[in-house]
Amino acid sequence: MTLFERIIARELPSTIVFEDTDFIAFKDINPRAPVHVLCVPKNVSRRLDEITDAAELGRLFETAIRVARDSLGLKDYRLAVNVGAGAGQIVFHTHVHILGGWMEGDAEMHHAAMAAVDG
Ligand code: AMP
């Protein structure tokens with residue numbers, strides 16, 4: 001069982017901000033931005049490029065956008081995916097990082113978050 005499957009099964013605590021039959025989104029335990037949420041498909045794949053179905057990839061990003069906009073109320077945000085250990089992936093259950101909530105014009109924090117999400 002992956003770490004995120006244990007969160008889905010409520011075996012591990014998390015702060016869930018969105019859930020439907022196919023996806024869950026919860027706060028990152030080590031936030032790298034004022035708002036940092038992970039959008040996770042319940043259908044387990046190890047990394048993004050294992051998902052070969054374009055519709056499934058589309059649903060993942062459609063959900064991440066909906067969570068950012070509707071659940072988190074973000075107007076501007078970053079979506080990031082680390083694909084493989086060499087790119088900073090540490091949890092091998094595909095997920096999209098949603099980062100946002102910076103003060104407008106706070107370029108320093110914004111760029112720090114961009115660097116930090118790579119692990
Ligand atoms: P990645 O480096 O793309 O694999 O990202 C994995 C993310 O999962 C990191 O940002 C971690 O902070 C986050 N994380 C690890 N354990 C937990 C947890 N129990 N609850 C929430 N987020 C977690």
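This is a predicted model: local features need pLDDT of at least 70, side-chain atom pairs count only at pLDDT 80 or more; totals for chains, interfaces and linings use all residues.
Biologist: Where is phenylalanine 26 found?

Modeller: In strand β2. Helices (H or I, at least four residues) and strands (E, at least two) are DSSP runs, numbered from the N terminus.

Biologist: And what is phenylalanine 26 in contact with?

Modeller: Take contact as C-beta atoms, placed from the backbone, within 7 Å. Leaving aside neighbours within four places in sequence, phenylalanine 26 contacts Ile7, Ser14, Thr15, Ile16, Val17, Val37 and Leu38. Phenylalanine 4 sits 22 residues away in sequence, with a C-alpha to C-alpha distance of 9.8 Å to phenylalanine 26.

Biologist: Zoom out. How many helices and strands does the chain have?

Modeller: There are 3 helices and 5 strands. From the N terminus on, they run α-β-β-β-α-β-β-α. Buried residues make up 25% of the 119 residues. Of the contacts between residues at least 6 apart in sequence, 59% join residues at least 24 apart.

Biologist: What order do the strands take in the sheet?

Modeller: β1-β2-β3-β5-β4, an open sheet with antiparallel pairing. Two strands pair if DSSP finds at least two bridges between them.

Biologist: Which strands stand at the edges?

Modeller: β1 (16-19) and β4 (77-80). Each has a single partner strand, so one side of each is left without a neighbour in the sheet. Neighbouring strands are turned by 20° against each other on average, direction ignored. For such angles, axes are lines fitted to C-alpha atoms, for helices over the stretch in contact, and values run from 0 to 180 degrees between N-to-C directions.

Biologist: Now β3. How many of its residues are buried?

Modeller: 6 of the 7 residues in β3 are buried. β3 pairs antiparallel with β2 (residues 23-27) over 5 bridges. Leucine 38 in β3 is the bridge partner of phenylalanine 26. Another 5 bridges join β3 to β5 (residues 96-100), also antiparallel. There, valine 37 stands opposite isoleucine 98.

Biologist: What about valine 35?

Modeller: Valine 35 lies in β3 (residues 35-41). Valine 35 counts as partly exposed because it has 18 C-beta neighbours inside 10 Å. Not counting residues up to four places away in sequence, valine 35 touches Leu72, Leu74, Leu99, Gly100 and Gly101. The C-alpha atoms of valine 35 and leucine 74 are 9.0 Å apart, across 39 residues of sequence.

Biologist: On to the largest nonpolar core. How many residues has it?

Modeller: 20 residues. Such a core is a set of buried Ala, Val, Leu, Ile, Met, Phe, Trp, Tyr and Cys residues joined through C-beta atoms within 7 Å. Ala25, Val37, Cys39, Val40, Ala64, Val67 and Ile98 have the most contacts inside it. α1 (3-8), β2, β3, α2 (54-71) and β5 each give two or more residues.

Biologist: What does valine 67 touch?

Modeller: Val17, Phe18, Ala25, Val37, Cys39, Leu72 and Ile98, again leaving out residues up to four places away in sequence.

Biologist: Which strands does α2 lie across?

Modeller: β1, β2, β3, β4 and β5. α2 runs at about 25° to β5.

Biologist: New topic: which residues come nearest the ligand?

Modeller: Ile29, Asn30, Asn82, Ile90 and Val91, out of 13 around it. A residue counts as near if its C-beta atom, placed from the backbone, lies within 6 Å.

Biologist: Last one, the loops. What is the phi of arginine 10?

Modeller: Near 65°, a positive value in a residue other than glycine. Most residues other than glycine have a negative phi. Arginine 10 sits in the loop between α1 and β1. Arginine 10 is exposed, because 9 other C-beta atoms lie within 10 Å.

Biologist: And arginine 32?

Modeller: Arginine 32 lies in the loop between β2 and β3. Arginine 32 is partly exposed, with 18 other C-beta atoms within 10 Å. Glycine 100 is 68 residues away along the chain, yet the two C-alpha atoms are separated by 9.3 Å.

Conventions: Residues are numbered from 1 along each chain as its sequence is written. A residue is buried if 20 or more other C-beta atoms lie within 10 Å of its own, exposed if 12 or fewer, and partly exposed in between; C-beta atoms are placed from the backbone. Two residues are in contact if their C-beta atoms, placed from the backbone, lie within 7 Å.
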